[in-house]
Amino acid sequence: MIAFIPALLAQRPTAATLLADIQSGDIEIRQRAVEQAPLVGTPIIVPLGQVMAGTDPAAAKAALEALRCVAHHAARPGATAERRNASRELVKLTRSSFPRHVRVEALYLLGCLAGSEAVPAMAALLQDKEIGVEARIALERVPGTAARRALQKARR
């Protein structure tokens with residue numbers, strides 16, 4: 001397995017090739033793209049959200065899986081800067097220009113990895129009729145006093 005990692009890194013995909021592979025009609029190519037998504041990193045988050053919002057259900061599903069891989073990879077211990085970058089990019093997917101299913105997934109993932117830096121954006125969504133409940137659930141999972149204060153303020 002260790003010998004495999006340098007070979008994989010040498011073949012590191014670009015954002016463009018990863019997105020093309022996710023939108024490919026070939027199941028094996030899509031699966032490889034999902035597995036390699038963390039190698040591209042957090043800049044791929046918004047483009048994956050755009051594919052999720054598209055009309056190709058198979059590509060949208062692959063983009064969802066890739067998004068989850070990137071987010072969970074960014075949430076690993078010791079990856080503080082990457083976690084913050086992922087959080088910032090996921091907040092962009094909560095904008096009303098994205099369909100509800102993309103916004104909900106972004107909030108779910110924010111609940112897994114966000115810190116206090118994402119609390120203001122998440123708190124602003126508490127009054128959103130479409131995703132307010134999901135914003136509350138995500139905020140409840142964010143550690144720290146900022147999230148707790150935002151939830152208390154919203155209850156008043």
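**Reading helix packing and buried positions**

Biologist: Which residues in H5 meet which residues in H7?

Modeller: Leu 64, Leu 67, Arg 68, Ala 71 and His 72 on the H5 side meet Glu 105, Leu 109, Cys 112 and Leu 113 on the H7 side. By class, this contact consists of 6 nonpolar, 1 polar and 2 charged residues. Please note that the model is predicted.

Biologist: At what angle do H5 and H7 pack, and how far apart are their axes?

Modeller: The angle between H5 and helix H7 (residues 100-113) is about 20 degrees, and their axes lie 10 Å apart. Angles under 35 degrees count as roughly parallel. H5 and H7 are therefore roughly parallel to each other.

Biologist: Is the crossing of H5 and H7 left-handed or right-handed?

Modeller: H5 and H7 cross in the right-handed sense.

Biologist: How many residues does the largest nonpolar core have, and which of them have the most contacts inside it?

Modeller: This core has 47 residues, and Ile 22, Leu 90, Leu 93 and Met 122 have the most contacts inside it. Helix H5 (residues 57-74) supplies the largest share of the core, 9 residues.

Biologist: With which residues is Met 122 in contact, leaving aside its neighbours within four places in sequence?

Modeller: With those neighbours set aside, Met 122 is in contact with Leu 107, Leu 110, Ala 114, Ala 135, Ala 138, Leu 139 and Val 142.

Biologist: Does Thr 42 count as buried or exposed?

Modeller: The cut-off for buried is under 20% relative accessible area. Thr 42 has 8% relative accessibility, so Thr 42 counts as buried. Thr 42 belongs to the loop between helix H3 (27-40) and helix H4 (45-52). Not counting residues up to four places away in sequence, Thr 42 touches Val 70, Ala 74, Glu 82, Asn 85, Ala 86 and Glu 89.

Biologist: Where is Ile 44 found, and is Ile 44 buried or exposed?

Modeller: Ile 44 also sits in the loop between H3 and H4. Its relative accessible area is 0%, so Ile 44 is buried. Leaving aside neighbours within four places in sequence, Ile 44 is in contact with Ala 15, Leu 18, Leu 19, Ala 37 and Val 70.

Biologist: In which helix does Ser 87 lie, and does Ser 87 count as buried or exposed?

Modeller: Ser 87 lies in helix H6 (residues 80-92). At 1% relative accessibility, Ser 87 counts as buried. Beyond its neighbours within four places in sequence, Ser 87 is in contact with Leu 110, Leu 113, Ala 114, Glu 117 and Ala 118.

Technical notes:
Residues are numbered from 1 along each chain as its sequence is written. This is a predicted model: local features need pLDDT of at least 70, side-chain atom pairs count only at pLDDT 80 or more; totals for chains, interfaces and linings use all residues. Side-chain values use heavy atoms; hydrogens and water are left out. A nonpolar core is a set of buried Ala, Val, Leu, Ile, Met, Phe, Trp, Tyr and Cys residues joined through side-chain atoms within 4.5 Å. Buried means under 20% relative accessible area, exposed over 50%, partly exposed in between (1.4 Å probe, protein chains only). Helices (H or I, at least four residues) and strands (E, at least two) are DSSP runs, numbered from the N terminus. Contact means heavy atoms within 4.5 Å. Axes are lines fitted to C-alpha atoms, for helices over the stretch in contact, and angles run from 0 to 180 degrees between N-to-C directions. Angles under 35 degrees count as roughly parallel, over 145 as roughly antiparallel, 65 to 115 as roughly perpendicular and the rest as oblique. A crossing is left-handed if the near helix is turned anticlockwise from the far one by less than a right angle, and right-handed if clockwise. Ala, Val, Leu, Ile, Met, Phe, Trp, Tyr, Cys and Pro count as nonpolar, Asp, Glu, Lys and Arg as charged, and the others, Gly among them, as polar.
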